[in-house]
Amino acid sequence: MSLWSTAEPFRSVTGGVLMSVEGPPPGTGTTPGAAYADRFAAESEVLVAARARASRLSGPQPVEPAVGATLAVLAAGVRARAVVSIGSGGGVAGLWLLQGMRSDGVLTALDGDPEQLRAARKSFSEAGLPQSRTRLIFGTPAEVLPRLSPGAYDMVCCAGPPREYVPHLPALLDLIRIGGTLTCHGLLEGGRIAERTARDPQTVAWRELVRAVKDDETLTAAILPIGTGLLVATKRM
């Protein structure tokens with residue numbers, strides 16, 4: 001059974017069947033193709049509730065359904081057992097990641113916003129996830145990354161403000177095992193990264209990140225124009 005077909009029930013991360021939600025997801029699909037991609041990634045009632053909850057909070061908006069589905073596919077592709085999420089996003093990205101992770105996998109989500117972490121904890125609880133499947137840490141990347149084990153993670157997924165983690169890119173890459181994946185969400189928002197005259201701090205941070213990833217000979221990378229943009233990089237050596 002496909003997890004994302006709009007014609008079938010959606011299975012939760014614990015295996016229970018939840019009815020998919022009809023119609024386009026809220027706040028996504030700015031083009032017909034993008035809207036179709038979001039509808040294809042049908043979300044369960046738990047994910048819809050998590051998205052609504054996260055959308056009311058300050059900070060970056062939760063990942064779009066098409067982006068979430070892509071994260072699940074990437075997690076499944078590397079048979080992810082250990083994943084780090086920078087920016088909890090109210091638990092939306094985490095729920096998608098857990099769909100693709102191994103059944104014994106553990107998601108570590110860190111966030112410097114306590115409201116985002118509380119929302120993520122509620123989302124994981126509503127999904128019926130055992131507490132052993134998630135680890136929520138309050139703190140910034142600068143505070144938390146030194147406490148994580150190098151080379152111990154299959155994926156690192158960044159969905160928080162880029163200025164918080166771009167200076168720590170070497171530490172993020174150090175967490176990932178060879179063959180593992182780094183994702184960063186939001187770099188195409190507003191199209192500013194392609195505008196030569198755009199010099200705001202966030203756009204500058206995105207450009208620094210893209211340049212560093214592109215120039216890193218240990219990585220194979222691509223930018224996917226889904227949602228507000230997803231940078232994907234695989235660690236080759």
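Which residue in E9 is the bridge partner of Ala-221? I looked it up: Ala-233 is the partner in E9.

**Ground rules.** I am working on a predicted model, where local features need pLDDT of at least 70, side-chain atom pairs count only at pLDDT 80 or more, and totals for chains, interfaces and linings use all residues. Numbering starts from 1 along each chain as its sequence is written, and side-chain values use heavy atoms, with hydrogens and water left out.

**Whole chain.** I counted 9 helices and 9 strands in the protein chain. Helices (H or I, at least four residues) and strands (E, at least two) are DSSP runs, numbered from the N terminus. The chain has 237 residues, and 49% of them count as buried. Buried means under 20% relative accessible area, exposed over 50%, and partly exposed in between (1.4 Å probe, protein chains only). I then took the contacts with a separation of 6 or more: 67% come from residues 24 or more positions apart. Contact here means heavy atoms within 4.5 Å.

**E8 and E9.** Back to the opening pair. Strand E8 (residues 219-224) and strand E9 (residues 230-235) run antiparallel, joined by 6 bridges. Two strands pair if DSSP finds at least two bridges between them. The hairpin has 5 residues between the strands, and Gly-227 takes a positive phi near 55° there.

**E4, H5, E5.** Next I traced strand E4 (residues 106-111) and strand E5 (residues 134-138), which run parallel with 5 bridges. Asp-111 has Phe-138 as its bridge partner in E5. With helix H5 (residues 114-126), these strands make a right-handed β-α-β unit. Right-handed means that, with the strands pointing away from the viewer, the path from the first strand over the helix to the second runs clockwise.

**H5 in detail.** I checked the span of H5: its 13 residues reach 18 Å from first C-alpha to last, close to the 18 Å expected at 1.5 Å a residue. That expectation is 1.5 Å times one less than the number of residues. Gln-116, Leu-117, Ala-119, Ala-120, Ser-123 and Phe-124 are buried in H5. They cover an arc of only 160° around the axis, so they sit on the same side of H5. The arc is taken from the directions from the helix axis to the C-beta atoms. Arg-118 and Ser-125 are exposed on the other side. The buried residues pack against helix H2 (45-55), helix H4 (92-100), E4 and E5.

At the start of H5, a side-chain oxygen of Asp-113 comes within 2.9 Å of the backbone nitrogen of Glu-115. Just after H5, Gly-128 takes a positive phi of about 75°.

**Gln-116.** Is Gln-116 buried or exposed? Gln-116 counts as buried because its relative accessibility is 4%. A polar atom of its side chain lies 3.0 Å from the backbone nitrogen of Gly-90. I count a polar contact as a pair of N or O atoms within 3.5 Å; within protein, one must be able to donate a hydrogen and the other to accept it, and residues adjacent in sequence count only if both atoms are side-chain atoms. Leaving out residues up to four places away in sequence, Gln-116 touches, among others, Leu-57, Ser-88 and Asp-111.

**H4.** I found 9 of the 9 residues of H4 buried, so this helix is largely enclosed by the rest of the structure. Trp-96 and Gln-99 are among them.

**Arg-79.** This residue has a positive phi of about 50° although it is not a glycine. I placed Arg-79 in the loop between helix H3 (65-77) and strand E3 (82-86). Arg-79 is exposed, at a relative accessible area of 55%.
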